[in-house]
Amino acid sequence: MNALRRRWLEAVPLLVLCAASGLGQQGQPAFPPEWKAPPFRATSGLDVVAVPLEIFGSQPYVQVLVKGKPCWFVLDSGASTSVIDTALSTSIGFKVKYTAQGRGAGAGTVPFHYLEGASYRLPGLEGEIPLAIAIDLSNNLAQVGRELPGIIGHNFFERYVVEVNYDAKVMRIFDAVKYRYVGRGESLPIVIEKRVPHVVARLTVPGLPPQDRKLLVDTGSNDSVDDSLLAQSTGPKRQVVGGVGLGQEYKVTFARFDKVQLGRYVLENVPGVGDGVALIGGEVLRRFTVIFDYGRQRMILEPNRHLRDSFSDLFTGLDLRLEPDSRLFRAHSVDKGSPAEQAGLKEGDLITSIDGIPARDYTLPQALAMLERPGAQYLLEIRRGKESLRVSIRLPVD
């Protein structure tokens, strides 16, 4: 299991919206009285805009324009504002108002820069959307295997109704005022706290009765469900690397939930970690079309064909990083007693090929997915200092 938690932003100004009460016309929840949507202006003149997505791991990426430059930003409901990478911001010429410290997925603080007059634009929509801050996002390439020019966060989601169709790889953006939902999905109430959405899920871990827990809805995370309830589980637990994203790494407790219930949908044997931010991430969300309707304080889930996909809980003990220059994979950590250690792998080993195919021909998510195939065996060519070695790793049966 590779803990790929993406918790970019925690310390930002707060904007907490009151919960909706009552129903509007046609059974639609009413807007809170203080909620105001900016005018919806689509270049087509319609009340909806469709934008292609790329799904990388379990993260949705959207192509945006920053001063005419096309960039793939991650669509992150768990980010309290929209962000641009510091290097890109500097190259474009955005002005910094001041610098402060914030927190991300890891330990410690991270410097971020408040910008003046920075913005991006989405194809099909008129008008600019503010980019509040710049942060050094360069670590994303090594940790996730993809460069990250920026993050689309709260100040996008609050403007529109946003439909994320993971299966079709399409995002649809609706006029929030005119939107009317027609479908058979499950509508769940959300609460916006610290500018990010939270939903109540019923979680069951071994040894405890089911409990209702409030979770951050985080499209920017590759995890399934994370909650401190896992630390109380009587089931198997182990320590893995956490805090991947911004900040320093630390060890977290990895275990699994017997059940995760969202409305009428129940998922079983769901893996997660018991430390840090309580959240529901992309490994669960990708099994649905997810509709974010902040104005009406709700999230709608429509299951897709992946609803009953099993969750991998295969423990290889190998945490990989992409080497940006060579595009090869580095063994970032190797857990004691794991299949990776038993195969002879050591921390710092550089994997140059997998079954005779150059490692650079794979993306990092592809390589990680290969290492989650129960019972599979691979011949790895590795470079350890000046030595070239071959090791065979056999994965356990899940």
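Mentor: Happy to; here are a few questions and answers on the whole chain and two of its residues.

Mentor: This is a predicted model, where local features need pLDDT of at least 70, side-chain atom pairs count only at pLDDT 80 or more, and totals for chains, interfaces and linings use all residues. Residues are numbered from 1 along each chain as its sequence is written, and side-chain values use heavy atoms, leaving out hydrogens and water.

Trainee: How many helices and strands does the chain have?

Mentor: Both are DSSP runs numbered from the N terminus: helices are H or I with at least four residues, strands are E with at least two. By that count, the chain has six helices and 28 strands.

Trainee: Is T253 buried or exposed?

Mentor: T253 sits in strand β18, residues 250-262. Buried means under 20% relative accessible area, exposed over 50%, and partly exposed in between, with a 1.4 Å probe and protein chains only. T253 has 13% relative accessibility, so the residue counts as buried.

Trainee: Which residue's side chain makes a polar contact with the side chain of R296?

Mentor: R296 lies in the loop between β21 (288-293) and β22 (298-303). Its relative accessibility is 2%, so R296 counts as buried. A polar contact is a pair of N or O atoms within 3.5 Å; within protein, one must be able to donate a hydrogen and the other to accept it, and residues adjacent in sequence count only if both atoms are side-chain atoms. At 3.1 Å, the partner of the R296 side chain is the side chain of D293.
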